[in-house]
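The sequence and the structure are shown below, and the description follows them.

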Amino acid sequence: MTHTVRDIILLGSTGSIGTQTLDLVARNPDRFRIVGLAAGGGNPELLAEQALATGARTVAVAKGSAAQDLNLAFYASAKKRGYSAGEFQIPEILAGPDAATELAARACDIVLNAIDGAAGLKATLAALDAGRTLALANKESLIIGGDLVARRAKPGQIVPVDSEHSALAQALRGGRAEEVEKLIVTASGGPFRGRTRAEMADVSPEQAMKHPTWTMGPLVTCNSSTLVNKGLEVIEAHLLFDVPFERIEVVVHPQSIVHSMVQFVDGSTLAQASPPDMRLPIALALGWPDRIPGAAPAIDWTKASTWEFFPLDDEAFPSVRLAKQVGATGGTAPAVFNGANEECVAAFLAGRLRFPAIVDTIERVVAEHAGSARSQGGDLTLEAVLEADSWARTRARELTTGGQTLS
Ligand SMILES: NC(=O)C1=CN([C@@H]2O[C@H](COP(=O)(O)OP(=O)(O)OC[C@H]3O[C@@H](n4cnc5c(N)ncnc54)[C@H](OP(=O)(O)O)[C@@H]3O)[C@@H](O)[C@H]2O)C=CC1
Ligand SMILES: CC(=O)[C@@H](O)[C@H](O)COP(=O)(O)O
Ligand SMILES: [Mn+2]
């Protein structure tokens with residue numbers, strides 16, 4: 001069966017999701033073509049190599065100073081490939097903090113946003129405003145943008161890449177919206193599953209980076225160790241599928257084979273199960289609603305296996321409860337939650353903050369925000385979200401430096 005080739009602009013191409021996406025695209029040239037790549041500028045050699053390998057027309061790099069490195073890297077890569085001068089095309093280079101946003105609005109069929117953190121927000125808005133299908137891995141942009149993002153998206157314009165939300169979207173195909181009883185979001189439980197708060201007091205960044213089942217970028221990996229990732233994912237599920245928070249539950253599933261489930265009013269639960277491999281949800285998002293044959297290995301049912309499910313330990317991991325409160329508050333509260341988290345994760349990974357202080361600080365910054373004028377309602381604007389994000393980062397920094405480090 002022939003397919004129309006879909007042109008893709010990939011934001012965050014040098015990262016974990018980005019590189020897995022390029023692997024998938026390379027294996028399906030009859031379906032997908034890369035027309036644009038964006039990265040931060042931390043790895044110009046890899047970005048140049050990717051651009052030459054894909055023939056991307058345009059390359060965007062956030063660090064303005066990286067443009068020169070990129071140019072040099074293109075020629076070095078071309079030389080390494082044995083290309084003569086006329087054999088390769090130097091792509092257009094966009095450089096600066098808004099380069100990815102400019103690229104996201106360029107002609108294509110799909111923008112896959114795989115930037116990490118709040119930095120992906122403007123590009124998400126630009127892709128939606130340009131009418132592109134947005135394959136969304138950058139969960140933070142939806143979560144902090146909330147209604148600002150949701151009201152710019154046409155029905156079906158945002159397709160989830162996040163494994164749990166891809167699973168939920170698949171299971172939701174099994175019934176009508178009014179037949180949904182609840183969403184069950186699964187969590188690996190992270191590297192510290194089973195520990196008490198006291199037993200996590202002195203864990204190191206290296207320990208937090210040892211995710212039990214997934215290999216991911218540093219921010220989402222640290223967020224999985226505090227369960228902040230799961231809290232973010234509950235808000236993401238609420239925004240994507242319009243299910244109230246009280247009907248979204250988290251269950252710990254250490255094997256990370258069931259990627260989430262939908263329970264219907266008749267008592268039936270539909271689950272999506274596959275070995276933990278992000279190429280499957282990436283492929284489904286790019287091919288939606290079609291499935292891409294061979295996207296990732298399936299479960300080997302000839303082998304014995306055990307799947308476990310446990311209730312979440314809210315005492316040891318309060319971030320999910322906090323995220324639900326923040327999500328229900330809405331407005332700029334999610335931006336404050338996420339901004340404080342990104343600041344504290346950076347401090348923890350740099351060895352400047354103890355692990356328990358990540359969620360403790362988020363809790364305190366969120367509480368201060370709730371009591372301040374800035375959290376008033378009304379139509380959310382980009383300026384208000386960015387201001388709340390910046391305030392939260394500053395406040396988190398103040399609380400965790402100058403001897404005020406929380407327990
Ligand atoms: N990794 C995974 O398995 C999963 C990830 N996600 C989500 O997907 C997103 C990406 O995660 P992951 O791939 O792990 O992250 P990584 O840290 O591995 O990669 C982040 C990518 O974003 C680029 N980047 C950072 N800032 C900018 C910017 N301002 N403009 C353009 N590019 C930028 C980085 O470029 P550079 O290399 O130059 O710094 C890098 O290519 C996150 O939101 C994460 O929560 C969701 C589910 C699973
Ligand atoms: C693969 C993916 O979607 C990640 O968000 C993953 O879910 C993180 O694992 P946790 O379940 O430990 O948060
Ligand atoms: Mn996930």
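## The mixed sheet

Val252 stands opposite Phe310 in strand 12. The model is predicted: local features need pLDDT of at least 70, side-chain atom pairs count only at pLDDT 80 or more, and totals for chains, interfaces and linings use all residues. Residues are numbered from 1 along each chain as its sequence is written, chains are lettered from A and ligands numbered from 1 in the order in which they are written, and side-chain values use heavy atoms, with hydrogens and water left out.

Strand 9 (residues 248-252) pairs with strand 12 in the antiparallel sense over two bridges. Strands here are DSSP runs (E, at least two residues) and helices are DSSP runs (H or I, at least four residues), numbered from the N terminus; two strands pair if DSSP finds at least two bridges between them. The open sheet consists of five strands in the order 11-10-8-9-12, with mixed pairing. Strand 11 and strand 12 (310-311) stand at its edges with a single partner strand each, so one side of each is left without a neighbour in the sheet.

At the other end of that order, strand 10 (residues 258-264) and strand 11 (residues 269-273) run antiparallel and are joined by four bridges. Val262 has Leu270, in strand 11, as its bridge partner.

## The manganese site

Asp162 (OD), Glu164 (OE) and Glu233 (OE) coordinate the manganese ion (ligand 3) at 2.0 to 2.1 Å. Donors are N, O and S atoms within 2.8 Å of the metal (3.2 Å for Na, K and Ca), and sites may look incomplete because water is not among the atoms. The donor residues of the manganese ion follow the spacing D-x1-E-x68-E in sequence. Glu164 belongs to helix 8 (residues 163-172) and Glu233 to helix 11 (residues 228-241), so the pair ties together parts that are 69 residues apart in sequence. Both Glu164 and Glu233 are buried, where buried means under 20% relative accessible area, exposed over 50%, and partly exposed in between (1.4 Å probe, protein chains only).

## Cavities and a pocket

On a 1 Å grid over the protein atoms alone, a cavity is a set of points where a 1.4 Å probe fits but cannot get out, whereas a pocket is an open set with protein on both sides within 12 Å along at least five of seven lines; lining residues have an atom within 4 Å of a point. Grid points are joined across faces, edges and corners, and a volume is the space filled by probe spheres set on the points. There are two cavities of 30 Å³ or more. In the table, Ala, Val, Leu, Ile, Met, Phe, Trp, Tyr, Cys and Pro count as nonpolar, Asp, Glu, Lys and Arg as charged, and the others, Gly among them, as polar.

| Space | Volume | Lining residues by class |
|---|---|---|
| Largest cavity | about 130 Å³ | eight nonpolar, two polar, two charged |
| Second largest cavity | about 50 Å³ | four nonpolar, six polar, one charged |
| Second largest pocket | about 390 Å³ | 13 nonpolar, two polar, two charged |

Residues lining the largest cavity include Arg197, Met200, Phe317 and Asp360. Helix 15 (residues 356-370) gives the most to this lining, with four residues. Domain 2 (162-326) and domain 3 (331-406) each contribute at least three residues to the lining of the largest cavity; the domain bounds come from an automatic or database domain assignment.

Among the residues lining the second largest cavity are Ser163, Trp214, His259, Gln272 and Leu280. Helix 8 provides the largest share of that lining, four residues. Helix 12 (279-287) supplies at least two residues of the lining. Eight of the nine residues of helix 12 are buried, so this helix is largely enclosed by the rest of the structure.

The second largest pocket is lined by 17 residues, of which Pro155, Gly156, Gln157, Ile158 and Leu240 are the closest to its centre. Strand 7 (158-160), helix 8 and helix 11 each supply at least two residues of its lining. Domain 1 (6-160) and domain 2 both give residues to the lining of the second largest pocket, so the pocket lies between them.
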